[in-house]
Amino acid sequence: MTIDFVVATPHDAIEFNDVYRNTTASAGYIACNNIYNRVVLNEWYDINPFPDLATHWEQLDGSRRWRFHLNKAARWQDGTPLTAHDVVYTHLHAKEMGYTGGRFMKDVETIVAVNDHTVDYHLHTANAGFLVLLGNFIFTHILPRHLYEGTDWATNPHNLKPVGSGPFRLAEWIPGEHVIMEAVKNHWGPQPEIDRLILKIVKDRDECVRMVARGEAHYFPQDTLTKDRLHLLDGATANIELLKDPGPGMALLDFNHGREIWQDKRVREAVAHAVNRAEIAELGDPGVSQAWDHYLLGSVEWSFNPDAKAPAHDAERARALLDEAGMKADASGVRARLSLFYMDSFHGHKPLAELIKSQLGAIGFEVNFEGLSSVDWARRIGREHDFDLIIVGGSMAPDPEITAPKYSTGGENNMAQHRNPDVDAAYLAARTAGTLAERGEHYRRLQEIWARDTEWVPLFWYGTYFARSRDFFGWSDQVGYSVPWWHWGRIRAV
């Protein structure tokens, strides 16, 4: 009897190589979690990494060198041994070319294969948080050097016909319909206990939820189920359970610091004063999500600064600051016309965009907002910086070092063009600190700086809602977060 595990997802695949370019939330992104491996793994709720390709590792030279010992049994799905040379090639090439996989490699000076199964990452400066950069996101997965070296990644056929090292291989992709993956027999790692992993492409998010309620699917991706869709589970006939938990990040409002309008701190502070969290709170769900005015999640207790808060709602003060900055309203009452974007795969950001449009309108800004696909987001926001404001998810757990590529000067994911020397200094001090307690002190200082300079504006600590089948066991939370949420190599029928 064939055991199928079915995931209903609203976003089709584009390709199957997120180390080249990231298509967050797409079926390709989900598939990559099961087709490929990373060096180490970090999941949302645990700062400590777990083995993946590396069985163990060493922190050397005061965190300036990290040595990883790879599993000697690791094989590519075509039978070729996976070695340290694959690791070196993947991450150095991604860094050199500016691909997504190099996003967290800013501190990397070089990567050296000590032997076939040992690899050293040499850093420019010490970084005690390097493991979380290496293990937290799918786009750090390792590619087969023998199939990619000497090719143009943009046109490499294996982006569409991937050869990974993970527990599932791609069997079929019919765009707009499904992605089917089959278990790799005699896999070098833990043997998958389901036969097929099927991603059904269903553009209607409501229908994705209903499919799980009816038992036609066993799961769906994050942000498919939102508070306003919970009623779709009423009368569910399938054997399912509902999980409602505070999430690992926040939604925040960021400025395009490369534009003159935001160079004046008074203007940024005025925007922050315009934000009314009493209205945002209506989007929340007690115990799950809430309006948030801090610069880190309270769940990251070791580095959370409860005193670093965004300016409180005060529309009158906001108008005064804009007047002081010389941003007077025209005859129609408009001070400036602004573009605001969010990524449409994060559906919960749309109601936030609607509120921000209204709240900024009250102080004289005319705001037009639009949701972008992950591909358009990467181009327009990430590369072209063609925006005034963005609502974006900020991954703040389990280690603030994850945020460094986004907010440090020259960071590979610095889409908002931040360049604050005090921020850079705080990150550097935290990386080079000797203990977790010392790192926490520097991150608390970092939050003070963000609040002092209104570097960006926290809006909402979002929650996660998952309905999932009770007929399977081996979800991330059931195996101690030792695998990512979107990895199902440990799933088994019960």
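Q: Is Phe5 buried or exposed?
A: Let's start with the ground rules: this is a predicted model, where local features need pLDDT of at least 70, side-chain atom pairs count only at pLDDT 80 or more, and totals for chains, interfaces and linings use all residues. Residues are numbered from 1 along each chain as its sequence is written, and side-chain values use heavy atoms, leaving out hydrogens and water. Buried means under 20% relative accessible area, exposed over 50%, and partly exposed in between (1.4 Å probe, protein chains only). The relative accessible area of Phe5 is 0%, so Phe5 is buried.

Q: How many aromatic pairs are there?
A: Rings of Phe, Tyr and Trp (its six-membered ring) pair if their centres lie within 6.5 Å; planes under 30 degrees apart are stacked, over 60 edge-to-face, and the rest tilted. Counting by this rule gives 33 aromatic pairs.

Q: Which kind of pair do Phe5 and Phe472 form?
A: The ring centres of Phe5 and Phe472 are 5.2 Å apart. Their planes meet at 80 degrees, so the pair is edge-to-face.

Q: How many residues apart in sequence are the parts that Phe5 and Phe472 tie together?
A: Strands (E, at least two residues) are DSSP runs, numbered from the N terminus. Phe5 lies in strand E1 (residues 4–9) and Phe472 in strand E17 (residues 472–473), so the parts tied together are apart in sequence by 467 residues.

Q: What is the bridge partner of Arg169 in E9?
A: Two strands pair if DSSP finds at least two bridges between them. Strands E8 (residues 168–174) and E9 (residues 178–183) pair in the antiparallel sense over six bridges. In E9, Arg169 has as its bridge partner Glu182.

Technical notes: Helix = DSSP H or I, 4+ residues; strand = E, 2+ residues; numbered from the N terminus.
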